[in-house]
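Student: I'm new to this one. Can you walk me through it?

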Amino acid sequence: MTAKRILLIDDEKRLARIVDVCLRRLGGWSVSIAGSGSKGLLQAEAEQPDAILLDVMMPDIDGLRLLQQLKANAATRSIPVILLTAKLDVVTPAQILEFEIAGVIYKPFEPFKLADEVAEMLGWQI
């Protein structure tokens with residue numbers, strides 16, 4: 001069985017490195033990183049990951065706008081998306097349903113529990 005592939009879209013390099021290590025070591029998954037929303041959209045189209053972890057606040061395009069673009073694109077609309085955010089009120093229950101958001105992980109998160117949280121939100125086994 002091949003490892004699940006996750007695309008992390010986050011402009012915070014240090015946080016991205018932590019998420020990458022946690023998901024690789026504790027989840028056994030393959031992780032690719034896009035440091036901006038525009039790069040993330042291109043990578044999502046090209047790589048077709050099994051899931052996307054998407055930071056909500058980025059300088060070039062905010063995560064919710066990028067999520068709209070991902071869901072409007074036939075090549076990426078079926079990829080499950082989990083939002084990463086430091087804001088508690090970033091998404092409404094209506095938006096979760098409308099954009100079929102798989103889950104929301106709030107920063108700061110517990111690194112050793114991250115893979116379990118992602119797996120649970122996506123219905124994956126570790």
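Student: What do β1, helix α1 and β2 make together?
Tutor: β1, helix α1 (residues 13-27) and β2 make a β-α-β unit that is right-handed. A crossover counts as right-handed if, with the strands pointing away from the viewer, the path from the first strand over the helix to the second runs clockwise. Helices (H or I, at least four residues) and strands (E, at least two) are DSSP runs, numbered from the N terminus.

Student: And what sort of model is it?
Tutor: The model is predicted: local features need pLDDT of at least 70 and side-chain atom pairs count only at pLDDT 80 or more, while totals for chains, interfaces and linings use all residues. Residues are numbered from 1 along each chain as its sequence is written, and side-chain values use heavy atoms, with hydrogens and water left out.

Student: In what order do the strands of the sheet come?
Tutor: The order is β2-β1-β3-β4-β5, five strands in an open sheet with parallel pairing. Two strands pair if DSSP finds at least two bridges between them.

Student: Which strands stand at the edges?
Tutor: β2 and β5 (103-106) do; each has a single partner strand, so one side of each is left without a neighbour in the sheet. On average, neighbouring strands of this sheet are turned by 20 degrees against each other, direction ignored. For such angles, axes are lines fitted to C-alpha atoms, for helices over the stretch in contact, and angles run from 0 to 180 degrees between N-to-C directions.

Student: How many bridges join β1 to strand β2?
Tutor: Five, in the parallel sense, between β1 and strand β2 (residues 30-34). Ile 9 stands opposite Ala 34 in β2.

Student: And what about β1 and strand β3?
Tutor: Those two also have parallel pairing, over four bridges, and β3 covers residues 51-55. The partner of Leu 7 in β3 is Ile 52.

Student: What does Ile 52 stand opposite in β4?
Tutor: Val 81. β3 and strand β4 (residues 81-85) are joined in the parallel sense by four bridges, and Leu 54 has Leu 83 as its bridge partner in β4.

Student: Is β3 buried on one face or on both?
Tutor: Both faces are covered: Ala 51, Leu 53 and Asp 55 are buried on one side, and Ile 52 and Leu 54 on the other. Buried means under 20% relative accessible area, exposed over 50%, and partly exposed in between (1.4 Å probe, protein chains only).

Student: Why two groups like that?
Tutor: In a regular strand, side chains alternate between the two faces of the sheet. Five of the five residues of β3 are buried, so β3 is largely enclosed by the rest of the structure. For β1 (residues 5-9) the count is four of five.

Student: Switching to helices. How do α2 and α3 pack?
Tutor: Helix α2 (residues 37-47) and helix α3 (residues 63-72) pack at about 20 degrees, with axes 10 Å apart. They are therefore roughly parallel to each other. Angles under 35 degrees count as roughly parallel, over 145 as roughly antiparallel, 65 to 115 as roughly perpendicular and the rest as oblique.

Student: Which residues meet there?
Tutor: Gly 37, Leu 41 and Ala 44 in α2 meet Leu 66, Gln 69 and Leu 70 in α3. Contact means heavy atoms within 4.5 Å.

Student: Ala 44 again. Is Ala 44 buried or exposed?
Tutor: Ala 44 has 0% relative accessibility and so counts as buried.

Student: What do the buried residues of α2 pack against?
Tutor: They pack against β1, β2, β3 and α3. The buried residues in α2 are Gly 37, Gly 40, Leu 41, Gln 43 and Ala 44.

Student: What about α1 and α5, at what angle do they pack?
Tutor: α1 and helix α5 (residues 111-122) pack at about 65 degrees, their axes 8 Å apart. That makes α1 roughly perpendicular to α5. The residues in contact include Ile 18 and Val 19 of α1 and Pro 111 and Phe 112 of α5. The crossing of α1 and α5 is right-handed; a crossing is left-handed if the near helix is turned anticlockwise from the far one by less than a right angle, and right-handed if clockwise.

Student: Last one: where does Ala 75 lie?
Tutor: Ala 75 lies in the loop between α3 and β4. With a relative accessible area of 34%, Ala 75 is partly exposed.
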